[in-house]
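Please open the model in your viewer and keep a selection tool at hand.

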Number of protein chains: 2
Amino acid sequence: MLDFDPWWVVGFVDGEGCFSVSIHRNAFVRSTGGWQLLPVFHVYQHQRYREVLEQLVEVFGCGRIRAKGPGSRVLTFAVNALADLNDHIVPFFERYPPVVKSNDFAVFAEIVRAMVRKDHLRYECFENLVRLAYTMNFAGKQRSRTIEEILTGSSETARQAPLPIV
Amino acid sequence: MLDFDPWWVVGFVDGEGCFSVSIHRNAFVRSTGGWQLLPVFHVYQHQRYREVLEQLVEVFGCGRIRAKGPGSRVLTFAVNALADLNDHIVPFFERYPPVVKSNDFAVFAEIVRAMVRKDHLRYECFENLVRLAYTMNFAGKQRSRTIEEILTGSSETARQAPLPIV
């Protein structure tokens with residue numbers, strides 16, 4: 001049984017972790033033009049150190065471990081349930097703030113909190129959250145879609161469909 | 001000015017750091033067949049977080065920052081002076097032990113201490129230290145030479161030349 005100091009966890013996450021908000025198609029979310037925000041917290045590690053990731057499940061009280069991809073020897077500890085992010089991950093890193101990933105975490109926490117309040121179901125707020133998400137992880141350079149592809153599409157749909165009252 | 005908890009440093013090094021002992025040709029070291037052990041402690045980081053590496057210079061009281069390679073945007077904080085490794089790096093991680101890199105550090109510290117005592121200038125000890133070095137970082141899979149290339153060559157030379165009295 002490993003025993004981690006919380007600051008060790010922060011340092012390790014600053015090296016091997018990632019706060020990200022991906023944006024996926026979901027035709028059922030009409031108010032945002034069929035786009036859905038999916039915040040996820042990851043920590044990567046080779047399978048030889050699986051025990052370290054298992055200990056992170058204990059430390060955070062949530063999360064799952066799986067292979068990064070088919071046949072990959074790299075594992076990810078991942079938390080994507082909104083309640084877990086809000087109740088466990090965000091409070092942990094508010095108490096023990098990241099150094100390298102401080103900006104990403106601040107945006108991540110803002111998006112998670114907004115989603116818990118269901119702000120993201122109102123189009124104006126969704127647009128704002130998408131813009132915030134695109135500032136993360138080196139200004140979204142790794143994203144497959146431009147921000148215009150997301151917002152133009154959603155804007156049109158949003159104009160066609162009445163906004164839900166949340 | 002960043003202010004790092006020592007355990008943050010350990011966590012970050014467990015993610016982004018490396019304890020390694022490379023083995024280079026040096027024709028002047030006759031007692032070991034012209035091979036030289038070079039222990040080095042590295043921490044890697046993108047140049048956008050140069051400030052973090054600069055803070056490590058403060059934390060450890062030694063080390064230099066440079067590009068990982070020509071034109072690279074990745075920087076390394078590196079400590080390779082034996083006195084700095086012995087006086088600063090090894091004591092720090094003995095006080096705050098690494099988790100993921102615990103085995104590598106234990107071997108690294110043993111080699112550094114032996115070199116400070118100049119044990120490595122005796123062939124029998126040099127051979128032992130090379131074998132130890134080859135257990136590091138996933139059993140030396142990244143090394144360009146086999147252990148036999150190092151030890152066979154040095155053994156022949158060592159038999160030809162008298163061992164120095166250290």
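Begin by selecting Ile111(A), Ala133(A), Ile111(B) and Ala133(B), which touch the most other members of the 79 residues in the largest nonpolar core; such a core is a set of buried Ala, Val, Leu, Ile, Met, Phe, Trp, Tyr and Cys residues joined through C-beta atoms within 7 Å. A residue is buried if 20 or more other C-beta atoms lie within 10 Å of its own, exposed if 12 or fewer, and partly exposed in between, with C-beta atoms placed from the backbone. This is a predicted model, in which local features need pLDDT of at least 70 and side-chain atom pairs count only at pLDDT 80 or more, while totals for chains, interfaces and linings use all residues. Residues are numbered from 1 along each chain as its sequence is written, and chains are lettered from A and ligands numbered from 1 in the order in which they are written.

Stay on Ala133(B): leaving aside neighbours within four places in sequence, it is in contact (C-beta atoms, placed from the backbone, within 7 Å) with Val21(B), Ile23(B), Leu37(B) and Ile111(B).

Next select helix H2 (residues 50-60) of chain A, where Val52(A), Leu53(A), Leu56(A) and Phe60(A) are buried; helices (H or I, at least four residues) and strands (E, at least two) are DSSP runs, numbered from the N terminus. Seen down the axis of H2(A), the directions from the axis to the C-beta atoms of these buried residues fall within an arc of 95°, so they line one face. The face turned away carries the exposed Glu51(A) and Glu58(A).

Finally, turn to the contact, which takes 15 residues from chain B and 15 residues from chain A. Helix H1 (residues 6-16) of chain B gives the largest share of chain B's side, nine residues.

Terms used:
Two residues are in contact if their C-beta atoms, placed from the backbone, lie within 7 Å.
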